[in-house]
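Here's a quick briefing for anyone opening this structure for the first time. Have a look at it, then read on for the ring pairs and the helix packing.

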Amino acid sequence: MAYHHPWIFISGILGNILSFMVYLAPLPTFVRVYKKKSTEGFESLPYVVALVSAVLWIYYATLKPNAFLLMTINSIGCVVETIYIIVFIVYAPKKARILTLRLLLVFNMGALVLVLITHFFLKGRSRIHVIGWSCVVTSAAVFAAPLSIMRSVIHTKSVEFMPFTLSFFLTCSAILWLVYGLLLKDFYISLPNIVGVVLGTIQMLLYVVYKKFNNNFAKGHERKQPSPTVNGKNMNHIKASNIDSSSPQVSVSGNIEVGRDENLYGPQLEHSDDEA
């Protein structure tokens, strides 16, 4: 394993370290899934795509010289992603479990067929081009997989299901692998990491914007809590019998409650004296 430029080795080592951090970033999520025995709103698609991408990169690394560092991190990725998927399948509801198994079957069968075709029917540069473009597509899909989560963040204005650590390490890792690919003059390594840098940056910006929005909303909600007083008088000293049933009333929590209107809420149930 000889590198013509020292920064190739350095960027590759750092890329391995940060990519390992990317693989570990969802760990708190799966610890939460294990403790709650529920996958809640999480999806398995990003992990299935990441597994298939790692498998294809391992095969690509066997076709290229000086690609040992590419093989090491993707081998680790295969193990980690497999563990995540197993945990997801164990605790997912039936519908999500079946969908995950179908995705695994389709993606892994597709990868296997691709490897067999290129191995037996293609030679030299042709094999590298086909596998290289396959790696570009799957890697771009790994970076694009959180797009559905990004859409959910924009729709719900909540960043609960988009961990900042994952977006941060994903962006840093993409930068290092972009440098690694440029120094190796390997187009297939560089291209998907350009996509990774762009999408990772967008994810972090969304997190900052909507995290700040959530904090401001929570503070505003606390300030807007009504006081249990009317005209400066403490309503706790006013007897309930002196308050007309159709007028605004103050609940124990301090929230103003408007008298019930049957036209809006429907008729109330009447209770007979026998039920008391």
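Searching the whole structure turns up eleven aromatic pairs. Keep in mind that this is a predicted model.

**Tyrosine 47 and tyrosine 84**
- These two rings make an edge-to-face pair, 5.9 Å centre to centre with 70 degrees between the planes.
- Tyrosine 47 sits in helix 3 and tyrosine 84 in helix 4, so their pairing ties together parts 37 residues apart in sequence.
- Both tyrosine 47 and tyrosine 84 are buried.

**Tyrosine 60 and tyrosine 188**
- Here the ring centres are 6.2 Å apart and the planes stand at 75 degrees, so tyrosine 60 and tyrosine 188 are edge-to-face.
- Tyrosine 60 belongs to helix 3 and tyrosine 188 to helix 9 (residues 187-223), so this pair ties together parts 128 residues apart in sequence.
- Tyrosine 60 counts as buried, at 1% relative accessibility.
- Tyrosine 188 also counts as buried, at 9% relative accessibility.
- Tyr60 and Tyr188 are part of one aromatic cluster with Trp57, Trp133 and Phe187.

**How helix 3 meets helix 4**
- The axes of helix 3 (residues 45-63) and helix 4 (residues 68-91) come within 8 Å and cross at roughly 155 degrees.
- That makes helix 3 and helix 4 roughly antiparallel to each other, and their crossing is left-handed.
- Residues of helix 3 including Tyr47, Leu51 and Ile58 meet residues of helix 4, among them Leu70, Cys78 and Tyr84.
- Sorted by class, this contact has 15 nonpolar, four polar and one charged residues.

How values were computed:
Residues are numbered from 1 along each chain as its sequence is written. This is a predicted model: local features need pLDDT of at least 70, side-chain atom pairs count only at pLDDT 80 or more; totals for chains, interfaces and linings use all residues. Side-chain values use heavy atoms; hydrogens and water are left out. Axes are lines fitted to C-alpha atoms, for helices over the stretch in contact, and angles run from 0 to 180 degrees between N-to-C directions. Helices (H or I, at least four residues) and strands (E, at least two) are DSSP runs, numbered from the N terminus. Angles under 35 degrees count as roughly parallel, over 145 as roughly antiparallel, 65 to 115 as roughly perpendicular and the rest as oblique. A crossing is left-handed if the near helix is turned anticlockwise from the far one by less than a right angle, and right-handed if clockwise. Contact means heavy atoms within 4.5 Å. Ala, Val, Leu, Ile, Met, Phe, Trp, Tyr, Cys and Pro count as nonpolar, Asp, Glu, Lys and Arg as charged, and the others, Gly among them, as polar. Rings of Phe, Tyr and Trp (its six-membered ring) pair if their centres lie within 6.5 Å; planes under 30 degrees apart count as stacked, over 60 as edge-to-face and the rest as tilted. Buried means under 20% relative accessible area, exposed over 50%, partly exposed in between (1.4 Å probe, protein chains only).
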